[in-house]
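Here is a short report for a reader new to this structure. Look over the sequence and the fold, then read on.

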Amino acid sequence: MGAEEIKKRSVVAVVRGASVESAVKVGQALLDGGVTALEITMETPQALSVLEKACDVFGDAMLVGAGTVLDAETARLAILAGAKFIVSPTVNEKTIQMAKRYGVISVPGAFTPTEILHAFEQGADVVKVFPAGVAGPGYLKSISAPLPYIPLMPTGGIDQMNAKDYIRAGAVAVGVGSSLVDPSRALTDEYLREVTKQAKKLMAAVQSARIEAGKKENESLQ
C-alpha cells in the first residue's frame with residue numbers, strides 16, 4: 001500500500017471525537033456515500049477501541065487509519081489496533097519510520113516546500129499539506145510545480161465547493177473534516193442521511209475534477 005491506495009480513495013474523512021457507536025454509524029453513512037477512507041483521530045477518548053471496532057466492522061470496504069498521531073509509540077499502538085495509514089499534523093521522523101516498519105501508509109503533515117520535501121525524503125508515502133485552507137489551491141499548485149513527484153493531500157478547510165480545485169491543482173486526495181462530519185451534531189437518522197448526501201456530492205466533485213485533469217494531461221501529450 002502507498003500513495004496509489006490513497007489516490008484511489010480520493011477522499012479521507014477525518015472523524016474527531018467519535019465513540020465506538022458513532023464511528024460505526026458515521027462510517028457506514030460515509031461508505032453509503034462513496035467515501036472509503038476513514039481517519040480516526042488519536043486525541044479522541046478511547047481512540048484505540050474506536051479504531052479497532054471500525055477496522056473490524058468495515059474490513060476491506062473501508063481503509064481505516066489513525067490521525068493526529070504525534071509520536072512513534074502512538075503510531076505502533078494504532079497499527080496494532082488495525083490502522084492501515086498513519087496521519088500526523090507535523091513531520092516526526094520516528095513516526096514515519098514506525099509506519100514504514102509495519103508496512104502501513106505514512107502521511108505526515110507539512111506546509112512549506114522545505115518541510116514537504118523533508119517528509120518525503122524521510123519515507124512519507126503521501127504528504128498532508130496542512131493547514132491547506134490558509135493558503136488555498138493556488139498554493140498547492142505552486143508546490144506541485146517544482147515537486148511533482150511528491151503525492152500531496154491537502155487537509156484543513158476542504159469542502160465540496162473547493163475540493164475539485166485542489167484536485168485540479170495536483171492533489172492525489174483531500175482530507176475533509178467538519179464540513180463532512182461535524183462532531184458537534186447529534187447522531188440522528190436525519191444527520192446520518194445528510195452525511196451520506198454530502199459524501200456523494202463530495203465524491204462526485206472530486207471524481208469530475210480527476211477526469212477533467214486526466215483529459216488535460218492526455219491533450220498535453222498529444
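Gln46 lies in the loop between strand E2 (37-41) and helix H3 (47-58). Helices (H or I, at least four residues) and strands (E, at least two) are DSSP runs, numbered from the N terminus. This is a predicted model: local features need pLDDT of at least 70, side-chain atom pairs count only at pLDDT 80 or more, and totals for chains, interfaces and linings use all residues. Residues are numbered from 1 along each chain as its sequence is written, and side-chain values use heavy atoms, with hydrogens and water left out.

Gln46 is not a glycine, yet its phi is positive, about 60°. Its relative accessible area is 62%, so Gln46 is exposed. The terms are these: buried means under 20% relative accessible area, exposed over 50%, partly exposed in between (1.4 Å probe, protein chains only). Thr68 is found in the loop between strand E3 (63-67) and H4. Thr68 also has a positive phi, near 55°, and is a residue other than glycine. Thr68 is partly exposed, at 22% relative accessible area. Most residues other than glycine have a negative phi, and most peptide bonds are trans.

Phe130 and Pro131 are joined by a cis peptide bond, with omega about -5°. Pro131 sits in the loop between strand E7 (127-129) and helix H7 (137-144).

## Helix H5: two sides

Which residues of helix H5 are buried? In H5 (residues 93-101), they are Thr95, Ile96, Met98 and Ala99. These residues cover an arc of only 160° around the axis, which puts them on the same side of H5. The arc is that of the directions from the helix axis to the C-beta atoms. An α-helix has 3.6 residues a turn, so residues three or four places apart point the same way. On the other side of H5, Lys94 and Arg101 are exposed.

What covers the buried residues of H5 includes helix H4 (72-80), strand E4 (85-87), strand E5 (105-107) and helix H6 (113-121). At the start of H5, a side-chain oxygen of Asn92 reaches to within 3.2 Å of the backbone nitrogen of Lys94. Gly103 follows H5, and its phi is positive, near 75°.

## Salt bridges

How many salt bridges does a search of the whole structure find? There are 8. A salt bridge is a side-chain nitrogen of Lys or Arg within 4 Å of a carboxyl oxygen of Asp or Glu. One of them joins Glu43 and Arg16, with the closest N and O atoms 2.8 Å apart. Glu43 lies in the loop between E2 and H3, and Arg16 in the loop between strand E1 (11-15) and helix H2 (20-32), so the pair ties together parts that are 27 residues apart in sequence. Glu43 is partly exposed at 43% relative accessible area. Arg16 is partly exposed too, at 39%.

Glu212 and Arg168 meet in another salt bridge (3.1 Å, N to O). This pair links distant parts of the chain: Glu212 is in helix H9, Arg168 in helix H8 (residues 163-168), 44 residues apart. Arg185 forms a salt bridge with Glu194, and the closest N and O atoms are 3.2 Å apart. Glu5, Lys8 and Arg9 are linked in a network of salt bridges.

## A buried charge without a partner

Glu39 is in strand E2. Glu39 is buried yet has no salt bridge. The nearest side chain of opposite charge, Lys128, is 5.1 Å away. Here Lys and Arg count as positive and Asp and Glu as negative; His and the chain ends are not counted. Beyond its neighbours within four places in sequence, Glu39 is in contact (heavy atoms within 4.5 Å) with residues including Val12, Val14, Gly65, Thr68, Phe85 and Val87.

## Leu187 and its contacts

Leu187 is in the loop between strand E9 (174-176) and helix H9 (189-221). Its relative accessible area is 30%, so Leu187 is partly exposed. Leaving aside neighbours within four places in sequence, Leu187 is in contact with Glu21, Ser22, Lys25, Val26 and Leu192. The C-alpha atoms of Leu187 and Val24 are separated by 11 Å, and these residues are 163 apart along the chain.

Key:
A polar contact is a pair of N or O atoms within 3.5 Å; within protein, one must be able to donate a hydrogen and the other to accept it, and residues adjacent in sequence count only if both atoms are side-chain atoms.
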